[in-house]
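The sequence and structure are shown below.

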Amino acid sequence: MALLQSDHLTVYVAFHFVLITLLSFTSATPGRGSANVLSLLQPYDFLYYTGVRSYFGEEWVKAAALLEKAILTKESLSRVRRQCHEDCGEAGREAFNRLDSEKGSLQDLWTLDWVQQRAECLRFCVGRSVSPAAQQPVSTDIEYEFGSRNPYNFLQVIYYKLEKLQKAASAAHTYFVANPSHLEMRNNIEKYRRMEGVTEEAFQDRELENEKHWVLYDSAVQYEASSDWLKATEKWKDCVNETLRQTDECRLQCEMASQRLPEDRGVDSSKSAYEKAADLSLSLLSCRQSCVTQVATRPGRISSQEDFLPTQLENLHIAQFKAGDVSGAVQTLRSLLLFYPSDQDFLDNLQLYSETLGGDTESQGTEPAQEIVRYINRALDEKKLLYFGMENLDFSFIDPDLWTPEDVVPESLRDNWRAVKEKINVKIGEGEKKEEVDDSGFYAGGPVPQVGVTITMDDTVLNGTNRVVLDGVMTEKECERILQLATSAASIGDGYRGRRSPHTPHETFEGLTVLRAVKLAQDDMVNQTDARLLYELGERAKVLLHSYFRSPSTLYTSFTHLVCRSAIAGDQEGRLDLSHPVHVDNCLLEPETNQCWREPPAFIHRDLSALLYLNDNFDGGDLFFTNRDAKTVTARVKPSCGRLVGFSSGPVNPHGVSAVTSGRRCALALWFTREKLYRDMEREEAEAMWAAGGQSGVKKDKEEAEGGAPPARNARSQASQERSRGRGRVTGARDEL
């Protein structure tokens, strides 16, 4: 358009003010035949504040109605704006079409005519559905409240009070999606899952309509991980299209929402009308550009994902190529090259694809996707205006894109622009170096299917990946029983016999396996119900962690070991070592090079590790996680009765145990595997002994007679046959925590 030529920039920016002024600062008048003012949409901020007051007044029914109406009104306001934008798209079209054929003052007049006609249409359209008060801009506080989904925080409490548990669960889940570090809400969700009348359908994100692109993004990544390139291609295409749609929706809301006057945003009041008009227009363009950041920010995150759309295109062309759609890959790659035309890797890929298709000539006619072409051209036009405003009108603008060409930036701003861009690139590079990728296939965040168990620490609190601390897994009485079992039998358990620890000369180390406990019970040396409880605690931990880490396949217990570490009295002075040095459970950690070698003698079959603590009446003995350097501590966990720590066994989770300087520290150490071959054969032998009548001769106690012990599992009749086909299990080199 002629208006985008440099000599018309100021005129265009100023005239844009007229449209915004007419939309934003003229009181809307309902059109003829419209409903009365009470039927119009009311200010959703007023409804929200009124609902919050009702909440604190414990008027639960009223509070629920007002907060739900506030949410619905905000959604309805967006729909009205969207519909009016569409309905008024043709308003002033005749005047608009004459812009390119007119010059000088006539061009300005036709511009004004087009702007006025469209503004009148929009004002009338919006006024038919929205009250004048509801058309005014809301405060930044209200924007934050709805952006952080706080209305749902109130609603989950209200619906719980009203005993509408299905709605309470839905509100809790919706709030938690945008606040994933809110452990109290996570625990509330787990409680709702176990409540009668609450179905899985309740746990749906009520704001999903605005986040579909992230669902598609995650789905595409998962299909890539499983090398399902056809489905990955489909999901990446859908993700790109949905990202473009969400961006357009955001831009539309920027245009249709009421704008604050320049004076209200701190603009110098002494500026001329043209300068103020330009400032307001540039603010609109800046809002449109910021949609890139808004759409690229996950719910609950502060920072956006850099190069969000180009990243999707990069993944798409790779998936297309691997799925056999080379022509599609060429088009996607040409679209990607619009962002980074000189990227050598992209150019090399294009050459590869062209050769695959039979030479350059066959792929020369392939054009980039038109929607990407429009996206780029629109963005560049807006950036030119915004950088013009920065250079000439003292306007402040933060470019959301790393791909912006240098020639768009005025010469006087380029040094500062390069410095800012370099800082961002350095930050991204550092993030890539630090980021640990867990390829275990576990995804923390699943449900916790046991009443009374709460999530005390998650990935965020533990500063890592696939880590969790669950409390309430055992009762105090169960802890006492297993501690008594340890006292009675651990010193004659599996070979350590209370000798000095293999990890430090300052502690003794005692261990007991499930099979050894069952055999001791047969000899009347320990109680049978305690031996059975030891077995069942392993099953309990497996069920919890299989669910929480959303294991895609069956988990088998690989090894179970009741371990006690005791400080040697009089041998603690000047101690500098650890109870257990930093290590990784399924690979050999090499801190000097930050490498972890998954090869024997490491237990390479281990996939998931767990520690179920029994007591806290000792000094030291904290579990801690580190980076691969084995020095930088990222998190600490203090043992206590019934506390279960679970984490993936790979190199993302190096860990150790601080020195036990007094007392006795006991825990049940567990490892799980997805390979049936490496399941714990001793557990199956214990099951077979129970099935064969191993209860005979068992010493009964009062607790057993009263039925206080947990019920036994049914033994598998084929255990001995399975064991005969299994491999011999390694019994040395324990590395229990």
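**Disulfide of Cys-587 and Cys-596**

The link of Cys-587 and Cys-596 is right-handed, with 90° about the S-S bond. The S to S distance of Cys-587 and Cys-596 is 2.0 Å, where a disulfide is a pair of cysteine sulfur atoms within 2.5 Å. Both Cys-587 and Cys-596 are buried (under 20% relative accessible area; exposed is over 50%, partly exposed in between, 1.4 Å probe, protein chains only).

**Basis of the model**

This is a predicted model, in which local features need pLDDT of at least 70 and side-chain atom pairs count only at pLDDT 80 or more, while totals for chains, interfaces and linings use all residues. Residues are numbered from 1 along each chain as its sequence is written, and side-chain values use heavy atoms, with hydrogens and water left out.

**Further disulfides**

The structure holds seven disulfides. One of them joins Cys-564 to Cys-666, S to S 2.1 Å. Its torsion about the S-S bond is about 110°, so the disulfide of Cys-564 and Cys-666 is right-handed. Because Cys-564 lies in strand 4 (residues 556–567) and Cys-666 in strand 14 (residues 660–673), the pair ties together parts that are 102 residues apart in sequence; strands (E, at least two residues) and helices (H or I, at least four) are DSSP runs, numbered from the N terminus. Both Cys-564 and Cys-666 are buried.

Cys-88 and Cys-121 also form a disulfide, with sulfur atoms 2.0 Å apart. With -80° about the S-S bond, the link of Cys-88 and Cys-121 is left-handed. Cys-88 counts as buried at 0% relative accessibility, whereas Cys-121, at 25%, counts as partly exposed.
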